[in-house]
Amino acid sequence: MARSSNLVASTATALLLLLLSTCSCRAASSSGKNPTAVVLPVRKDGATLQYLTSFRQRTPQTPVTAVLDLGGATLWVDCDPGSYASSSYARVPCASKPCRLARTAACATSCVGAPSPGCLNDTCGGFPENTVTRVATGGNLITDVLSVPTTFRPTPGPLAAAPAFLFACGAKFLTEGLASGAAGMASLSRARFALPTQLAATFRFSPRFALCLPSTTSAGVVVFGDAPYAFQPGVDLSGSLLYTPLLVNNVSTAGVSSKGDKSTEYFIGVTAIKVNGRAVPLNATLLGIDKQGVGGTKLSTVAPYTVLETSIHKAVTDAFAAETAMIPRVAAVAPFRLCYDGSKVGSTRVGPAVPTVELVLQNQATSWVVFGANSMVPARGGALCLGVVDGGPAPRTSVVVGGHMMEDNLLEFDLQRSRLGFSSSLLFRQTTCNNFRLG
């Protein structure tokens, strides 16, 4: 086994507790009918800026909190002694089909002592990774009951149970760097045993999910399957999303992988960046993915802010500074380079009154337009900073769209059609992720 190195909004916390404490549970095959969709509530941790979700797992049912991750391979939780107790877990045998599908050559054969989730022989091995700290370890792959809500608003509804949900056993040290109370990480990636594919296979709905990340003061949601994208008051985005292809990086971007593995993260084809409608002069080759899997643009929920390769970062911040020359500047506040006197910046329905930042996508006719609520970050001393971070001169990925830029935007990840749907800011519709309604 290898080892390398709160402020939570009360409304969001209350919603999570309500969902987890008042629902009655049903099996996936109850009455011979599967749910058409299931949901996970999301809240933002003010101390780490990580996005947390909660669900029930094990027998007896136990509430579990995990950090949401658009990367990763599967759900993993701490299985150290005293951390995991269940009468319904089962090992994944080394020669089994699930073990082959997991594409791992690891097999536990030398564990001594009383059997437990973290100590089983003839058990398929995985490599759970903390993608925040980039620490990975070895751990057993096992299955257990996972229960998730079927409604979100107006009231919590019954839970749907996945009776044999496959996940990886991590260790206590692997949770270091995660938000307080998090027992692991929940993967939303393309991987075979990440939540989207497993839940779709279990409940037999479409392999897609919609992600709506909250700001610090609200609650958000992940909805899996076939559901309308309805928000209070009377907003339905089901037929109004813009779409762009999801690209496949042919080289794995995971911390642990085998030769020939493809990345299971979500890449999109950004071809240019505009500020206030004007193209930013930059090295466009950095926006493509080369044969070594370097470059391109991916989406990440573990990066709190958007991270740009050094030359792209300089080009974007220089262009933004030129377009905001009339707004008084203040000293930079780490990790940001470009900051303003927040008292001198006007406000609009979609946040601070600043120029738009536009990600021009593959077909040139489609752009993801980012407004002030998603481009600007309040900082100490009343500063208001452009929320992009310098990722260095040679990062693995040139543009990493971080969580702040995705907040209060509805994003649909359609794995079957390999496309991303996006709404732009929900603030334009006078609603937020907190107002999503299912039920």
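Q: Which residue of strand 29 stands opposite Val 357?
A: Two strands count as paired if DSSP finds at least two bridges between them, and a strand is a DSSP run of E with at least two residues, numbered from the N terminus. In this case, Val 357 faces Val 370 of strand 29. Leu 359 likewise has Trp 368 of strand 29 opposite. The model is predicted, so that local features need pLDDT of at least 70, side-chain atom pairs count only at pLDDT 80 or more, and totals for chains, interfaces and linings use all residues. Residues are numbered from 1 along each chain as its sequence is written, and side-chain values use heavy atoms, with hydrogens and water left out.

Q: In which sense do strand 28 and strand 29 pair, and over how many bridges?
A: Strand 28, residues 357-360, pairs with strand 29 in the antiparallel sense over four bridges. The two strands form a hairpin with six residues between them. In its turn, Gln 364 has a positive phi of about 70°.

Q: What is the order of the strands in the open sheet?
A: The sheet has four strands in the order 21-20-28-29, with antiparallel pairing. Strand 21 (278-279) and strand 29 (367-370) stand at the edges with a single partner strand each, so one side of each has no neighbour in the sheet.

Q: Which helix packs on the sheet?
A: A helix is a DSSP run of H or I with at least four residues, and contact means heavy atoms within 4.5 Å. Here helix 4 (residues 310-323) packs on the sheet and touches strand 20 (272-275), strand 21 and strand 28.

Q: What angle does the direction of helix 4 make with that of strand 20?
A: Axes are lines fitted to C-alpha atoms, for helices over the stretch in contact, and angles between N-to-C directions run from 0 to 180 degrees. For helix 4 and strand 20 the angle is about 20°.
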